[in-house]
Amino acid sequence: MTDAALVNRIQLPRPDVTPDEAADILREHYGLTGALHELGSQQDRNYRVDAGDARYVIKICRAEYATVELEAQNAAIRHLRAKPNAPRVPGVVVSTDGKDIVTVRVRDQDYQVRVLDYLDGQSLTGRKHLPVTTVEALGMVCARLARDLADFNHPGLDRNLQWDLRRAGPVAVHLLSAIGNHEARDRIAKAMVSAVKRIQPLARGLRVQPVHHDVTGDNVVSRMDAHGRPIPDGVIDFGDIIQGWLVGDLAVTCASLLHHAGGDPFFILPAVKAYHAIYPLNEAELKALWPLIVARAVILAASGEHQLSIDPDNDYVRGNLAYEREIFDVATNAQADLMDAAILRAVGHDLPPIDTADWAPLLPEIGPETIAAVDLSVTSPHLAAGNWLKPDMDWRLLAKSALESGVATTRYGEYRLSRAEPLSLAPPQSLALHNDVCLAAGTAVSAPFAGTIQWLGQHLVLVGDGISLHLDGVDCSLEDDSDVAKGEQFGIVAGEPHTVGGMRIQLCRAQSLVPPLFCPAHHAEAWMALCPAPSMLLTPAAEAAPIESAELLARRQAHFAAPQKHYYDRPPQMERGWREHMVDVEGRSYLDMVNNVTLIGHGHPRLSAAVEHQWSRLNTNSRFHYAAVAEFSERLAALAPEGLDSVFLVNSGSEANDLAIRLAWAHSRARNMLCLLEGYHGWSVASDAVSTSIADNPQALTTRPGWVHPAISPNTYRGRFRGPDSAESYIDATMPVLEAIDAGGEGLAGFICESVYGNAGGIPLPHGYLERLYREVRARGGLCIADEVQVGYGRLGHHFWGFEQQGVVPDIITVAKGMGNGHPLGAVITRREIAESLSGQGYFFSSAGGSPVSCVVGLSVLDILKDEALQQNAREVGDRLKSGLAAMMERFPIIGAVHGMGLYLGLEFIRDHHSLEPATEETAAICDRLLSLGVIMQPTGDHLNVLKIKPPLCLAPESADFFLKALEKVLEEGW
Ligand code: PMP
């Protein structure tokens, strides 16, 4: 085809065939009837046909298009269907007279018609967000398809198609003429010129083979994985199949991903890596990939504008324009050298090494051993109590170190804590790609290699062969373009004599780039390859050791016994906490919305000072007489209702509940315990026995010992009876359990439950429920245990204890978790006579329970709770959060309910408002996406479909708002 024919073809409008006319064709030529739904297309007219159980697609294209090309599409489909491991593709449906392609005439126009099976599965169309796993899977589908098409052959593949990236230059030139906006046209033209310049020298190394050339989110269908993520495994629409550049095919897929990239071109890398693992690309192809992506973006943007000018009513084209412009912007804003390095590194290729063996010293007067390197990492001992949030903290620490040692440097390759940005949806630019050095002004600065001076304002660059040295803070009198010999002194450290100066050093291999000082973790590999460490010019200590989180996880898995799980598939390594924030080793700050243990917040300086003081003075056991145990027991008794004046101190919630059950046994001399379904009370033998949550133990319902009697779960949202006034019904439904215990004749020892249904998702018990049930239990001689491990201690905001909400007073309160802010600390608070009934069974002693350190922790937490008005904060910020969540419910049907109060909330996700089908996989995927947006959140409830929202009680209002913003983004854009 000549260029003129190609141009003509670009200008053809879509076939004008109505659904009724298409239905006639289907009936007449295929014997099919059914409802028709239009499917988008740029150049064809496609309808989905729902014919009973079967679904098809009718594809109508203009007669001008070469039939041999349509035959090629059908042949390719058949070729792939014969391959055992090819992606799924639709079957070709033949007409009643046995034809693959039928020619028809509609209102004086000739068309060619094909019918294919409709391939089941979700397309990715309309999903703004794609998880990494989906991106990887798209790369895999593209690779598998290309691999399986490699031995396909058909005369219809040699076609002139505007999308053929081998022709990108001339096609762009033609399309540009339709763009009226000069600025846009120039930008598009410029982008194409620089892409073509990079592609041309590589072209000979690019393999040519049959390629689908349109493996994009619109043209794949997916299945869902167990985490609710779409995994593309089928491909449709072979309309662009050509004999073309193999890597061009991947470029098309990658360009389509840029629409989902949130502006970050690195978003494509998992697809590239996954593709390469299946169908490896050669070096030339890897280097051509990014410019080909840019070329594709140019053609897409230009063609969208062009198509609209000839077919202004095509909504599909109009809708795609915004999408195409976004792809264009991301592609053209990226630095090509950086993307080349990123692609090579992603598939494990190293850039050629730089020979530094014969470099001369940069600072000949300074011995490397005299240079001190300051630790500014997330684990730095110099950083505490949020001091890193002061804007000049790193400089102060550097200057302090220089004062002590003479010369001090920051560390290249270090993730700096000071760069962590709390409440940020995107990861921070936290990795240092440079060194800042504090040293005496006037110190000589010499050239490590021969080069030419280049000034960029105050910024000095020594441009050498394949490497540039970027410097700030150097006095140099040489002009632009001056040559400097290796070892020649060309400047001194700036500043008044006898003062300390600051010099910034950076190396970069790409001459056209002024590299950034910092980059985000996921850009680190590429930037570190482009900007090698300047430590060889200073001291080996000027480079931070690499982070090895994955290796650390493997070590954990090797020896930390397997039943102890960790959150997330790829967990961030958390090494710092501050208030309601946690920071991982890469300086990513996360809002901790799940950590109910950390009641007063992370890293509280008052608590750590109190602990340090007590540890260094004395820690022993409660058989000794010391002040803290007396004071703490007194304080706890004062917090409990009148009459509950006896306190046992233990180390955990499990121990507290175990002991509470033993107290019930001892006091009642019976053994049977009543508990609730969907509950969790601990891991130790007795507390586990009364735990029924199948999310915590899938065998829970079939393995309870004989003395445990679970009662119906009073879940007012999805239980057998619904709403806050369902107490009577639930009690009535529990009576048979009590009556069975009565009938057994062995009596009832007690009843244990959470006062707010925490484990089920923060669901309040129905009004009056505990009052009636406690009455029934007590009438049988049993004791009532309130498990306040999660919900007590001010978390509910409106109440200090959960049972206050039900207007009851238990016989035994168990408490743990937040009371120690993470330190192992638990308590049982009960009436004197109940406590004393244990005496008949020997002494009670817990070696660390009630130790001086534990008591000091407990006292400090109580003091801080009071002095910082944290219960009040839980009420105010909790109310704000709850109303924000409730407002979202109207916009997002996946939200079924907002449970709880204060800072103990549950957001329940469902698939259907009638059946309340739990959205379990979606909840897992939502939690994963929230992590990537800087929020820690986990599912709870028997169906794992409730977000457990239980942050530290110091949660700031802006943190609550950030959580709402992140959640809204996920629900809007997908997960
Ligand atoms: N009771 C409840 C309600 C709990 O949520 C938990 C812990 N999740 C426990 C008891 C057990 O506490 P611990 O982990 O401190 O043993």
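Biologist: What covers the buried residues of α7?

Modeller: First, this is a predicted model: local features need pLDDT of at least 70, side-chain atom pairs count only at pLDDT 80 or more, and totals for chains, interfaces and linings use all residues. Residues are numbered from 1 along each chain as its sequence is written, and side-chain values use heavy atoms, with hydrogens and water left out. Helices (H or I, at least four residues) and strands (E, at least two) are DSSP runs numbered from the N terminus, and contact means heavy atoms within 4.5 Å. The cover of the buried residues of α7 includes α4 (132-149), β7 (208-211), β10 (242-245), α8 (269-278), α9 (283-310) and α10 (315-333).

Biologist: How many residues of α7 are buried?

Modeller: Buried means under 20% relative accessible area, exposed over 50%, and partly exposed in between, with a 1.4 Å probe and protein chains only. Among the buried residues of α7 are L246, D249, C254 and L257. The helix is largely enclosed by the rest of the structure, because the buried count is 12 of the 12 residues.

Biologist: What distance does α7 reach from its first C-alpha to its last?

Modeller: The expected span of a helix is 1.5 Å times one less than its number of residues. Helix α7 (residues 246-257) has 12 residues, for which 16 Å is expected. The model comes close to that, with a reach of 18 Å.

Biologist: Which residue stands opposite V104 in β6?

Modeller: Two strands pair if DSSP finds at least two bridges between them. Strand β5 (residues 102-106) and β6 are antiparallel and share five bridges. In β6, the residue opposite V104 is Y111.

Biologist: What is the bridge partner of R62 in β6?

Modeller: Strand β3 (residues 54-62) runs antiparallel to strand β6 (residues 109-117), and seven bridges join them. Strand β4 (residues 92-93) also pairs with β6 in the antiparallel sense, over two bridges, with V92 opposite L116. For R62, the partner in β6 is Y111.

Biologist: Which residue takes a positive phi in the hairpin of β24 and β25?

Modeller: Strand β24 (residues 574-578) and strand β25 (residues 581-584) pair antiparallel over four bridges, and R576 is opposite V583. Their hairpin has two residues between the strands. The residue with a positive phi, near 55°, is R579.

Biologist: Which strands stand at the edges of the open sheet of three strands?

Modeller: The order of this sheet is β15-β21-β19, with antiparallel pairing. An edge strand has a single partner strand, so one side of it is left without a neighbour in the sheet. The edge strands are β15 (444-446) and β19 (474-475).

Biologist: What is the bridge partner of L907 in β40?

Modeller: An open sheet of four strands has the order β36-β37-β40-β39 and antiparallel pairing. Its edge strands, β36 (895-901) and β39 (939-940), each pair on one side only. Strand β37 (residues 904-909) and strand β40 (residues 946-949) pair over four bridges. In β40, the partner of L907 is L947.

Biologist: Is G457 buried or exposed?

Modeller: G457 lies in the loop between β16 (451-456) and β17 (459-463). Its relative accessible area is 61%. By that value, G457 is exposed.

Biologist: Which residues does H604 touch, not counting those up to four places away in sequence?

Modeller: H604 is in the loop between β26 (589-592) and α15 (605-617). H604 is buried, with a relative accessible area of 12%. With residues up to four places away in sequence left out, H604 touches I864 and E868.
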